[in-house]
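Subject: Structure handover

Hi,

Here is the structure for you to look over. My notes follow below it.

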Amino acid sequence: MTDLAGPDHAPRTLAVVSAGLSQPSSSRLLADQLAAAVRRELPGIDVVTIELRDLAHDITNHLLTGFAPARLRAALDTVARADGLVAVTPIFNASYSGLFKSFFDVVDEGSLADKPVMIAATGGTARHSLALEHASRPMFAYLRAVVVPTAVFAAPEDWGGATAQGALANRIARAAGELAREVSRREPVAVIDPFDEPTPFEELLAS
């Protein structure tokens with residue numbers, strides 16, 4: 001366990017993206033348990049959960065217009081500024097959901113480079129678990145993220161009520177430890193204020 005709450009540590013943030021479509025959803029349930037496991041490993045980390053279901057129309061508008069509405073802009077900024085990311089999708093037709101893919105299609109270029117990411121998914125049968133390896137992991141590798149080795153898949157039989165059981169609980173703990181180690185070995189993500197070093201007016205006139 002790494003304590004990030006001391007005075008010598010800058011605040012750290014974990015962004016948790018859940019692409020569940022129903023309400024409540026098993027994807028959100030898994031996302032919450034993954035976030036809690038990371039928080040146990042990194043006391044003091046701030047967790048911000050992004051429900052893509054609430055942003056579906058904004059994501060579509062952004063794909064059509066190239067402009068991110070305010071709520072979506074805030075979500076994209078949260079992901080870009082986070083020290084770590086947990087990304088959870090339901091599995092449809094042996095791959096991530098269209099909503100999940102569409103959100104990561106509009107993330108700012110380079111914002112996931114060298115960012116520690118834990119990938120996770122839910123599905124109706126354990127046969128879908130390989131979708132994390134042949135779909136989600138390559139996508140985040142393309143975005144130059146650092147994907148932790150353990151991917152977490154949850155089928156209906158992995159749950160006992162609203163609590164992860166057995167092998168799922170073990171995978172959650174292992175993945176959380178891997179993500180925590182990747183976050184703690186990096187400097188906090190620097191937030192760049194575009195107004196800190198504005199372009200001189202003379203340079204703007206010359207351009």
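Buried means under 20% relative accessible area, exposed means over 50%, and partly exposed is in between (1.4 Å probe, protein chains only). Buried residues make up 45% of the 207 residues in the chain.

Some ground rules. This is a predicted model: local features need pLDDT of at least 70, side-chain atom pairs count only at pLDDT 80 or more, and totals for chains, interfaces and linings use all residues. Residues are numbered from 1 along each chain as its sequence is written, and side-chain values use heavy atoms, with hydrogens and water left out.

Overall make-up

The chain has seven helices and nine strands. Both are DSSP runs, numbered from the N terminus: helices are H or I with at least four residues, strands are E with at least two. Contact means heavy atoms within 4.5 Å. Take the contacts between residues at least 6 apart in sequence: 78% of them join residues at least 24 apart.

Helix packing

Two packed helices are described by the angle between their axes and the distance between the axes. Axes are lines fitted to C-alpha atoms, for helices over the stretch in contact, and angles run from 0 to 180 degrees between N-to-C directions. Angles under 35 degrees count as roughly parallel, over 145 as roughly antiparallel, 65 to 115 as roughly perpendicular and the rest as oblique.

Start with H2 (residues 56-65) and H3 (residues 70-81). Their axes come within 9 Å and cross at roughly 90°. H2 is therefore roughly perpendicular to H3. On the H2 side the contact uses Asp58, Ile59 and His62; on the H3 side, Arg71, Leu72 and Leu76. By class, that is three nonpolar, one polar and two charged residues. (Ala, Val, Leu, Ile, Met, Phe, Trp, Tyr, Cys and Pro count as nonpolar; Asp, Glu, Lys and Arg as charged; the others, Gly among them, as polar.)

Leucine 72 sits in helix H3. It is buried, at 0% relative accessible area. Not counting residues up to four places away in sequence, leucine 72 touches Leu55, Asp58, Ile59, His62 and Phe103. Its C-alpha is 6.2 Å from that of aspartate 58, 14 residues apart along the chain.

Next, H2 and H4 (residues 98-105). These axes come within 10 Å and cross at roughly 50°, so the two helices are oblique to each other. Ala56, Ile59 and Leu63 of H2 meet Leu99, Ser102, Phe103 and Asp105 of H4. The residues of this contact divide into five nonpolar, one polar and one charged.

Aromatic rings

Rings of Phe, Tyr and Trp (its six-membered ring) pair if their centres lie within 6.5 Å; planes under 30 degrees apart count as stacked, over 60 as edge-to-face and the rest as tilted. The structure holds five such pairs. Tyrosine 96 and phenylalanine 100 have ring centres 6.1 Å apart and planes at 35°, so this pair is tilted. Phenylalanine 103 and phenylalanine 104 pair edge-to-face, at 5.1 Å centre to centre and 85° between the planes. Tyrosine 96 is buried at 19%, and phenylalanine 100 is buried at 1%. Phenylalanine 103 is buried at 0%, and phenylalanine 104 is buried at 3%. Ring pairs link Tyr96, Phe100, Phe103, Phe104 and Phe140 into a cluster.

A loop proline

Proline 156 lies in the loop between strand S7 (152-154) and strand S8 (159-160). Leaving aside neighbours within four places in sequence, proline 156 is in contact with Gly123, Gly124 and Thr125. Proline 156 and glycine 124 are 32 residues apart in sequence and 6.3 Å apart in space, C-alpha to C-alpha.

Best wishes
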